[in-house]
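Have the viewer open and the sequence alongside it.

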Amino acid sequence: MFQRHIKFDVHCHWSETPPVYRVYVDDDMITERTFGWTGYDHYIQENMVCDLKPGVHCIRIENCTGSGNFQMLKLRVDNQEMPKQPGKDGYDNKQWTFACNY
């Protein structure tokens, strides 16, 4: 396994109750946070380090409260921007499939 530095932006549009989200890499929950800022002004840049084997992995964001609409943008792994795979990841920016080559 190799340590991978993963970075991406979390955007959310919401009103009334601040929404809560979870981030999973493959099937492992990495973090859970409350998005308490106005979505049209701010976003959260997630920075994490994960031990991952070479191969294909999936990162996804899950809305825990049902309020708001989350999106992941600008995924970077080891400082390299990862392309979106529209047929595999859908168009809602809630899941991102990426490969680690070494």
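C64 is partly exposed, with a relative accessible area of 33%; partly exposed covers what lies between buried (under 20% relative accessible area) and exposed (over 50%), using a 1.4 Å probe and protein chains only. C50, in contrast, counts as buried at 7% relative accessibility. This is a predicted model, in which local features need pLDDT of at least 70, side-chain atom pairs count only at pLDDT 80 or more, and totals for chains, interfaces and linings use all residues. Residues are numbered from 1 along each chain as its sequence is written, and side-chain values use heavy atoms, leaving out hydrogens and water.

How many disulfides are there? The count comes to 0, where a disulfide is a pair of cysteine sulfur atoms within 2.5 Å. For C50, the closest cysteine sulfur belongs to C100 and lies 9.5 Å away, so the two are too far apart for a bond. C64 is in no disulfide either: the nearest cysteine sulfur, that of C12, is 12 Å away.

Now turn to the strands. Helices (H or I, at least four residues) and strands (E, at least two) are DSSP runs numbered from the N terminus, and two strands pair if DSSP finds at least two bridges between them. An open sheet is formed by 4 strands in the order β3-β2-β5-β8, with antiparallel pairing. At its edges sit β3 (28-34) and β8 (95-100), each of which pairs on one side only. Neighbouring strands in this sheet are turned by 20° against each other on average, direction ignored; axes here are lines fitted to C-alpha atoms, for helices over the stretch in contact, and angles run from 0 to 180 degrees between N-to-C directions.

To see one of these pairings up close, look at β5 (residues 55-63), which runs antiparallel to β8 over 6 bridges. There, R60 has Q95 of β8 as its bridge partner.

Next, find strand β1 (residues 2-13). It is joined by 9 bridges to the antiparallel strand β4 (residues 44-52), and D9 has its bridge partner in β4 at Q45. β1 is also joined to β6 (residues 69-77), again antiparallel, by 7 bridges. Within that pairing, K7 is partnered with R76, while I6 stands opposite V77.

R76 then leads us onward, as its bridge partner in β7 is E81. β6 and β7 (residues 80-81) pair in the antiparallel sense over 2 bridges. Their hairpin has 2 residues between the strands, and D78 takes a positive phi near 50° there.
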